[in-house]
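Colleague: Could you take me through this model? I would like to begin with a single residue and then move on to the whole chain.

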Amino acid sequence: MATAVIEPGGAFRLMTDKLPGAEPGWYRVTIASGEGIVGAKMPKKYSDPSKSGVFRQIQAGIPNTLDIQLE
């Protein structure tokens, strides 16, 4: 499982087991806001892997940019 923290401005870097990056393949994406973040409102569906509807592919040997637009 790869994870990331979204920085101000929306940038993030994937990490797997505390190492940068993620194994190539398709990933189901979930997104959750942290507790106590002012103005952080997000539909709950994005924090549920079975409901988020967001999938992205990581490809080997190339820089990967994952743009995710939320409703």
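Colleague: Is Lys 18 buried or exposed?

Modeller: This is a predicted model, and in it Lys 18 is exposed, because its relative accessible area is 78% and the cut-off for that class is over 50%.

Colleague: Where is Lys 18 found?

Modeller: Lys 18 sits in the loop between β2 and β3. Its phi is near 70 degrees, a positive value in a residue other than glycine.

Colleague: Why does Asp 17 count as exposed?

Modeller: Asp 17 counts as exposed because its relative accessibility is 70%, and the class begins over 50%.

Colleague: Let us turn to Thr 16. Which strand holds it?

Modeller: Thr 16 belongs to strand β2, which is made of residues 15-16.

Colleague: What does the side chain of Thr 16 reach?

Modeller: The side chain of Thr 16 reaches the backbone oxygen of Gly 21, at 2.8 Å. Leaving out residues up to four places away in sequence, Thr 16 touches Met 1, Ala 2, Gly 21 and Ala 22.

Colleague: A new topic, then: is Ser 52 buried or exposed?

Modeller: Ser 52 counts as buried, because its relative accessibility is 5% and buried means under 20%. Ser 52 lies in the loop between β4 and β5, the latter being residues 54-58.

Colleague: Which backbone oxygen does the side chain of Ser 52 reach?

Modeller: That of Val 29, at 2.6 Å. Val 29 is also one of the residues that Ser 52 touches, along with Arg 28, Lys 45 and Tyr 46, when residues up to four places away in sequence are not counted.

Colleague: Now to Gly 25. Where does it lie?

Modeller: Gly 25 is in strand β4, which spans residues 25-29. Gly 25 is partly exposed, since its relative accessible area is 23%, which falls between the limits of 20% and 50%.

Colleague: Which residues is Gly 25 in contact with?

Modeller: Setting aside its neighbours within four places in sequence, Gly 25 is in contact with Arg 56, Gln 57 and Ile 58.

Colleague: How far are the C-alpha atoms of Gly 25 and Gly 9 separated?

Modeller: They are separated by 26 Å, and the two residues are 16 residues apart along the chain.

Colleague: And the chain itself, how many helices and strands does it have?

Modeller: The chain has zero helices and five strands. Read from the N terminus, the order is β-β-β-β-β.

Colleague: What box do the C-alpha atoms fill?

Modeller: Along the principal axes, the box is roughly 35 × 25 × 20 Å. The chain has 71 residues, and 11% of them are buried.

Colleague: What does the accessible surface come to?

Modeller: The accessible surface of the chain is about 6000 Å², and 55% of it belongs to carbon and sulfur atoms.

Note on methods: Residues are numbered from 1 along each chain as its sequence is written. This is a predicted model: local features need pLDDT of at least 70, side-chain atom pairs count only at pLDDT 80 or more; totals for chains, interfaces and linings use all residues. Side-chain values use heavy atoms; hydrogens and water are left out. Helices (H or I, at least four residues) and strands (E, at least two) are DSSP runs, numbered from the N terminus. Buried means under 20% relative accessible area, exposed over 50%, partly exposed in between (1.4 Å probe, protein chains only). Contact means heavy atoms within 4.5 Å. Accessible areas come from the Shrake-Rupley method with a 1.4 Å probe; for residues, only the protein chains shown count as cover. A polar contact is a pair of N or O atoms within 3.5 Å; within protein, one must be able to donate a hydrogen and the other to accept it, and residues adjacent in sequence count only if both atoms are side-chain atoms.
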